[in-house]
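Subject: Structure for you to look over

Dear colleague,

Here is the structure I promised to pass on, followed by my notes on what was found in it. Please read the notes with the coordinates open beside you.

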Amino acid sequence: MPIILRRLATSVLILLAVSVMVFVATLLLPGDPAQAILGQQATPERLAALREQMNLNDPVLQRYFSWLGGLFVGDLGISAASGGPVSALLGERIGASLVLLVAASLISLPVGFLVGTYSALRRGRTGDHVTTGVSLVLAALPEFVIGIALITLFSTTVFPILPSVTMAPPGEAVWNYPLQLVLPTLTLVLVVTPYITRMMRATMLEVLDSGYVEMARLKGVPERQVILRHALPHALSPVAQVVAIQLAWMAGGVVVVEFLFRYPGIGQALVDAVANRDVQVVQALSILIAAVYIIVNLLADMVGILTNPKLRTGGTR
Amino acid sequence: MSTSISENTTTATPVLSADGLRVATTAGEEILHGVSFELQPGKILALVGESGSGKTTAGLACLGHFRQGLEHTGGEIHLAGSGQDGSILDLPESERRKLRGGAISYVPQDPALSLNPAMRIGEQIMEVLRVHRYGDSDAERRGRAAEVLAEVGLENDRAYLGRYPHQLSGGQQQRVGIAMAFACRPAVMVLDEPTTGLDVTTQALVLQTIDQLAERHSVAGLYITHDLAVVAKVADDVVVMLSGDVVEHGPTAQVLYRPQHHYTRKLLNAVPDLAGKRRVGSVAAITGEQAAVPQDGSASHAAQITTADRHPAAPTPAPAAHRSLLEVSGLRLAYGENQVLDGIDFKLGQGESMMLLGESGSGKTTLSRCIAGLNDDYNGTVCLDGAELAPGTRARSAEQRQQVQYVFQSPFSSLNPRRTICESVEVPLQMSGKMSRKERRLRVREALDQVRLGDSYLDRRPGDLSGGERQRAAIARALVNAPSLLVCDEVTSALDVSVQASIIDLLRSLQTDTGMSMLFVTHNIALARHISQRMAVLQKGRIVDLGSTEDVLENPQHDYTRELLANVPTF
């Protein structure tokens, strides 16, 4: 599988490039982290001591490498705001966000595939027009609009049945309050599904028009099997690319949704960290989100490779 | 409108009969106006027509299948062995589907598109067996798959069954398609141009396979094609279709040698023949017998016109050597380990037309793209008029670029659909930036006139034009800069025979009129005497035969050429 190894190597390189950019970007942030932590009244001696402690006086290159080295062993540094290790601070948050992301993907992927395929099979009929129209409208709405609309609909005056904010006591897992997860998850699902649906419909239409699908029908293969065996695998690999972009978007887009629902995930953590000039946390989260981006794209490429025997077996005759 | 079968040569009960078949688009336009024919067991009926004649629609209707946007509006199809007394078109879709692949099967035109690229070929054959409940166990079905592969002349061990379509050659893929169609021992096989795109040797092999299968197992075949030479080789009876009507029907010998309908005669006249006896095209230009002219490959009529300084009567043949326009030497190109071009050397004289013959994968298109500068990855030299051309068009001077012009295979994709013909043809002139708008327009009209398209085409878009007209427009675009070398890459292979004839005709007269040199790239050896004075046979990136057309055809040096010549279908 040299092709997969090559992709893997590229991904590692990209990740390294991203780490450089993240590091440089945080260097460029205005102000002085030590000053931010200690406040305006800090004495110069204390500032100097803190700078020494945070290794801010070391050469930039050395700081970069010690930070990068730390990433590999899970040492993300010390949070400037809380004084504790970043990894401990984020562990819980990452778990909470992951719950949201996984729940949203588990719903939106099958729904997107199913609705897209349904729409393609009903090409030009009412069912197709309705799904295309609805998905277009949803795709046009930004996530905070959808979120606010859902809150208005389900937790205020119309149907006050769901909580609009997450209020888990600190230290308790978010999934112990499943009702609180509904609205944030639903928001993400509604944002992501339309793209998957539309892409699925488009590639499915193309595949349904292909020679091998017609051939399968002319071989007498039952329609169900034609779709599942001959059409679907070919439609999935281009869709996998879109799914990857959507999943990756979710990792970043979750920031807005979490903020909206006061959800204690990485999004909230990122917003807080930027506000507090908590450089270590910002760096760790940026790298994390970038890594998610790269990994899901890598997975999408793998799906592409696995569903295409030409790539898998090489071009040998 | 509808036609009846005047002469029915056999009295046996037909396996399949189409009776007054009518098909229309869902918008209401009728495609088939009552088509009738009958298939006899063990015999092959050829359904002949050009694109748009409805022959594929009729063929698919036999399987009870209508493509998106088409619907059955009248007529019946009876299939013996279907277990149905009535027309199979009256059955619900699920019942019809049970017949497909079982009692009646289909071999598609392009196996590269019709075999599922993500499924192993053994599995694709097994699938049709499984769907039709052939055999009791997978082991038994695997046995049948192996058996049927052997019947079409392919290997059938486990490793071969486990191959993917892309690991097979075009001819092998088509034989897998035939094996798949034959797996359930159908009573009828519908073959939709199964040899289009294959070189003559592979075509001969595929035709032989079909013939044997039909005969040995009493399968009735419906062979859809536009190639009359192939018809002569495989068919027992012929039905000729013209825009949704059957215009002629009868035994092969009768239709081909004593055609009754003028359209059949027109089709027959358009078929290029290797011997060069027939005159392809209608204009009395240099075609047919005259095409085979020059013995030494230099003193062509065309060359005499352009090279005014040279006396046609000059006794010495020596000047021919100095007059070479294009010189290719040591051209090599490899993609990874795949050596596409492996040392190409040839010269092309001024005003000379040369055929570059090769099957798909032989490197002929790559070679022509290298010459035109569209591919700059090559090693070796390409000289035009004694000056070496840089690889890649960007590195060449504007004048050099104008000297070499290229016409692409498919006129359906080589013209921008959003531009009018005038705008498309004008582009090469704009590139030089020397002419005013008015001058350009004038030049465009001249070029369109050269390709016999009138002023009315100036403001039309490719969508309003037929395939032949589009190819003429594409040729006009190549001509506006008055090139000294025209590279024609399979320019007729996407076109019908009658259109091919007119394009060949046009190219020959253009070459004579303008004195340009021409490199005619094709896989169709039958065109040789109709287009070129010299020819080069390309196999796996090497020129295996090179010489005057006469020489190569009469006295081939290489086994490959001999094999091709032996397999050219003629009638």
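In chain B, an open sheet of 4 strands runs in the order β11-β10-β13-β14, with antiparallel pairing; strands here are DSSP E runs of at least two residues and helices are H or I runs of at least four, numbered from the N terminus, and two strands pair if DSSP finds at least two bridges between them. Because β11 (338-349) and β14 (387-388) of chain B each have a single partner strand, they stand at the edges, and one side of each is left without a neighbour in the sheet. Strand β13 (residues 379-384) of chain B pairs with β14(B) in the antiparallel sense over 2 bridges, and Leu384(B) is placed opposite Ala387(B) of β14(B). Across β10 (324-335), β11 and β13 of chain B lies helix α15 (residues 364-372) of chain B, which runs at about 120 degrees to β10(B) (axes are lines fitted to C-alpha atoms, for helices over the stretch in contact, and angles run from 0 to 180 degrees between N-to-C directions).

Please keep in mind that this is a predicted model, in which local features need pLDDT of at least 70 and side-chain atom pairs count only at pLDDT 80 or more, whereas totals for chains, interfaces and linings use all residues. Residues are numbered from 1 along each chain as its sequence is written, while chains are lettered from A and ligands numbered from 1 in the order in which they are written.

Also in chain B, helix α11 (residues 262-270) has Tyr263(B), Thr264(B), Leu267(B) and Ala270(B) as its buried residues, where buried means 20 or more other C-beta atoms within 10 Å of the residue's own, exposed means 12 or fewer, partly exposed is in between, and C-beta atoms are placed from the backbone. Seen down the axis of α11(B), these buried residues fall within an arc of 125 degrees, so they line one face of the helix; the arc is that of the directions from the helix axis to the C-beta atoms. The face turned away from that buried side carries the exposed residues His262(B) and Arg265(B). The buried residues of α11(B) pack against α9 (228-234), β8 (237-242), β9 (245-251), α10 (252-257) and α21 (497-514) of chain B.

Chain A has 13 helices and 0 strands, and buried residues make up 36% of its 317 residues. Its C-alpha atoms fill a box of roughly 85 × 65 × 30 Å, taken along the principal axes.

Two buried positions in chain A may interest you. Leu270(A), in helix α11 (residues 266-275) of chain A, counts as buried because it has 25 C-beta neighbours inside 10 Å. Leaving aside neighbours within four places in sequence, Leu270(A) is in contact with Val255(A), Val282(A) and Leu285(A), a contact being two C-beta atoms, placed from the backbone, within 7 Å. Thr193(A) belongs to helix α8 (residues 178-208) of chain A and touches Ser108(A), Val111(A) and Gly112(A), again not counting residues up to four places away in sequence.

Finally, where the chains meet, 20 residues of chain A are in contact with 24 residues of chain B. The elements giving two or more residues to this side of chain A are α9 (211-218), α10 (223-261) and α13 (309-313) of chain A, and the largest share, 5 residues, comes from α9(A).

Best wishes
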